[in-house]
Amino acid sequence: MDLDGVEFKKDDDPKFPFPGESVSAEKLPFVEPIEAAEVFVQKLPKATEAGENVAVHIKLEEPHNKELDDSLIRVVGDPKNPMMLVRSDALVELGVLKDSPGKQFFTAFATLTDEELEQRVKAEATFEKFGETTKDRIVFQGRNPIAVTTGIKFDIGVFDTGVPVALGPCPVMPISTEARWEEALVITDLSVVRDKNRTNDVCDPGLDNPNGVWTFKHLMEEMAIGSGLSTNDFVVKWLSTWLTNQVVNGDTLPARTQMFQQVIRPWANASGVTSSLVGGNLVLGGPLNLDKAPFRLSAIVNRIDLGKTSSGGGYFGGGMPLSAGELRFVFGVQNLNTCAQLPFSVIFEYGVPREDCAAIKDWANQWIRLSDPLLPRFSSSWRAHLESITENVVLNGAAPTKGNQNAINQIRTNENALNFQWELREFTLSTEDVLTNVDTPADGPLLPHSVALTPDDSAYNANADVNIDDWTLFTPMPPSGAPGAVLSEVSMGAFFTSGASGNTVVGDCSPAFEMPLEASGMPLRGGNAFVAPVTHWQIDAAAPSDPREVCARQQFSVNTCSGCHFADTSTPFFHVNPQTAPAILSDFMTGTGAGNVLAVPDQQWGPGVAWMEFADLDRRHNRLYEIACNSCGRRVVFPHLIDLIVEFNGGLVPVDAVAGKDSPFKVGPVKGSTRSSSCSPPPRRPTRTRSRRTSS
């Protein structure tokens with residue numbers, strides 16, 4: 001069936017079980033800034049033998065592995081470059097420190113120079129010049145806004161007295177507005193995404209620069225280097241994956257021959273070459289003309305918020321940055337026969353190759369410069385600066401250890417142009433290993449990949465499935481006894497506008513989990529994801545009276561492709577809609593507008609049980625300025641740290657492995673009386689390499 005010219009009607013869309021509501025963020029409760037702080041620094045009376053002069057206290061989440069509840073040591077970060085943290089209260093008991101910020105805090109020792117402290121003060125002064133500023137900010141738990149607070153001024157005088165001083169957000173930062181989001185977070189302005197020197201639109205004669213740095217052609221050319229394929233063959237091989245059934249982790253992705261009818265054949269016509277589909281095999285009379293690629297740029301997106309952090313779990317946490325997140329390009333797909341903009345987005349998601357704290361901070365400041373009043377908004381010099389940011393990630397060789405030496409993490413697609421059914425797929429330059437749950441970088445073509453955090457919806461029932469129930473109530477489940485893990489007794493009606501009622505889930509309700517390829521010996525993660533009939537995932541075994549189980553269902557479902565792109569976020573499929581120019585952003589992202597949040601009733605039990613709130617661009621804005629404002633310092637890394645802990649702790653390592661992901665270590669606590677334990681790094685063998693310094 002040829003779908004050319006067919007209209008996609010909103011009436012055909014599935015309906016939200018419970019639609020969201022727009023409410024003012026001013027309705028959120030206020031918390032004192034000191035209570036919201038996640039990092040404190042404390043000047044040591046004298047430097048350690050390694051030259052460290054400060055204690056860095058980091059608030060860690062309650063461990064998912066309950067054996068680590070009383071561990072004196074926790075290990076976080078990349079196992080190849082781990083950070084060992086010692087319980088702050090234990091160091092006070094030992095007399096190493098005078099004070100502790102609280103029982104949730106763990107401590108590392110680092111070097112912080114006067115120059116770095118002065119940079120914090122300069123950052124505070126710089127942000128005051130960025131036009132309209134504010135002291136207020138929303139406090140987020142994972143993705144969810146839970147309160148409001150104010151920034152904290154870093155007082156060097158108090159720091160010099162040796163007491164812990166909060167190293168939180170700057171006391172003043174540019175106010176979070178639609179204008180700020182469009183400058184440095186999600187850039188959709190037509191002067192940028194339709195820049196005649198950098199973008200291309202075959203259907204617009206005024207945008208005829210196919211070699212621009214923000215074009216589909218340029219990104220694919222850089223990605224194809226090292227694949228052993230020409231750029232044309234690299235692209236055709238990727239497109240051809242839709243033309244035949246594909247099996248990913250046991251999940252069969254059905255052939256979508258409308259990819260040929262809607263995209264490939266019109267592109268071939270525009271290229272002046274013949275095309276046919278014979279038994280699922282694509283036959284082209286010549287190469288596709290990449291100058292006429294039917295992909296129109298909709299947005300350039302900064303996802304520094306996705307970087308891993310010292311708080312554990314990564315994803316949407318706070319704390320010290322350990323990676324720089326992602327850079328994304330969102331394209332809409334066109335039918336070149338009619339120049340219709342299809343309900344079809346293609347998203348290039350690059351891992352920013354920066355893991356050093358100073359380099360991550362520099363990355364944040366490069367984006368913030370786009371909001372500097374000295375750089376006229378969207379001017380030619382502004383766009384040149386943005387080009388320098390993106391090219392540092394896009395060009396081949398930016399990630400030497402990844403497939404084709406390209407920094408791409410994955411390409412995602414989201415469409416209902418091919419089968420009248422919203423479907424999401426993912427492609428990578430890697431191979432998946434079911435046994436180890438590890439992706440191995442691979443040179444060559446883009447390969448279909450399982451979708452993140454989403455079960456196989458052809459094998460598991462989204463409405464009622466005992467296996468999904470068991471997995472959800474074990475993995476995303478917050479630990480018992482987590483602070484605040486109770487239903488708030490304050491009615492949502494006290495916080496939100498009329499119509500919102502019931503309670504909100506508070507406490508440790510955050511998405512710090514991963515989903516393995518298989519569970520209990522059976523494939524778990526899907527090769528694709530559908531939206532409708534799968535609008536969200538329900539957990540029949542969960543009790544609406546138990547806040548931990550309500551949280552587990554919410555966080556599991558909202559992090560699936562289907563829940564995130566529909567019911568759990570009250571989103572009509574696209575978070576960045578490529579069919580409009582400029583692209584329309586979802587209420588999940590905007591919170592329905594600066595100063596507001598989107599409140600979504602629980603999709604299984606309704607508004608009488610719980611809500612989830614979202615204002616994602618506010619969250620991303622806060623994280624960007626938090627990284628730019630704070631100092632890095634330098635810490636000592638002990639070579640073979642994991643090996644040493646294993647040797648001196650009976651083979652156990654206090655790593656709180658992300659739930660759902662197999663740990664290469666035997667996890668267990670470091671215990672013992674603090675009076676008899678050193679609570680300091682394990683002793684090093686004389687034959688070991690001497691400790692070296694590296695950026696945190």
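I note first that two strands pair if DSSP finds at least two bridges between them. Helices (H or I, at least four residues) and strands (E, at least two) are DSSP runs, numbered from the N terminus.

I am working on a predicted model, where local features need pLDDT of at least 70, side-chain atom pairs count only at pLDDT 80 or more, and totals for chains, interfaces and linings use all residues. Residues are numbered from 1 along each chain as its sequence is written, and side-chain values use heavy atoms, with hydrogens and water left out.

**Strand E18.** I looked up the partners of E18. Strand E19 (residues 340-351) runs antiparallel to E18, and 9 bridges join them. Asn 335 stands opposite Ala 340 in E19. E18 and E19 form a hairpin with 4 residues between them. In that turn, Cys 339 has a positive phi of about 60°. E17 also pairs with E18, in the antiparallel sense, over 8 bridges. There I found Val 301 opposite Arg 328 in E18.

Next I checked burial (buried is under 20% relative accessible area, exposed over 50%, partly exposed in between, with a 1.4 Å probe and protein chains only). Glu 326, Arg 328, Val 330, Gly 332 and Gln 334 point one way from E18. Leu 327, Phe 329, Phe 331, Val 333 and Asn 335 point the other way.

**Aromatic rings.** I counted ring pairs next. Rings of Phe, Tyr and Trp (its six-membered ring) pair if their centres lie within 6.5 Å; planes under 30 degrees apart count as stacked, over 60 as edge-to-face and the rest as tilted. The structure holds 27 aromatic pairs. Trp 242 and Phe 427 form a tilted one, 5.1 Å centre to centre with 50° between the planes. These two residues are 185 residues apart: Trp 242 is in the loop between helix H8 (231-240) and strand E13 (246-248), Phe 427 in strand E21 (residues 422-428). Both Trp 242 and Phe 427 are buried.

I then took Trp 267 and Phe 295, an edge-to-face pair at 6.2 Å centre to centre and 75° between the planes. Trp 267 lies in helix H9 (residues 258-271) and Phe 295 in strand E17 (residues 295-303), so the pair ties together parts 28 residues apart in sequence. The relative accessible area is 0% for Trp 267 and 4% for Phe 295.

Ring pairs link a cluster that includes Trp 242, Trp 267, Phe 295, Phe 331 and Phe 427.
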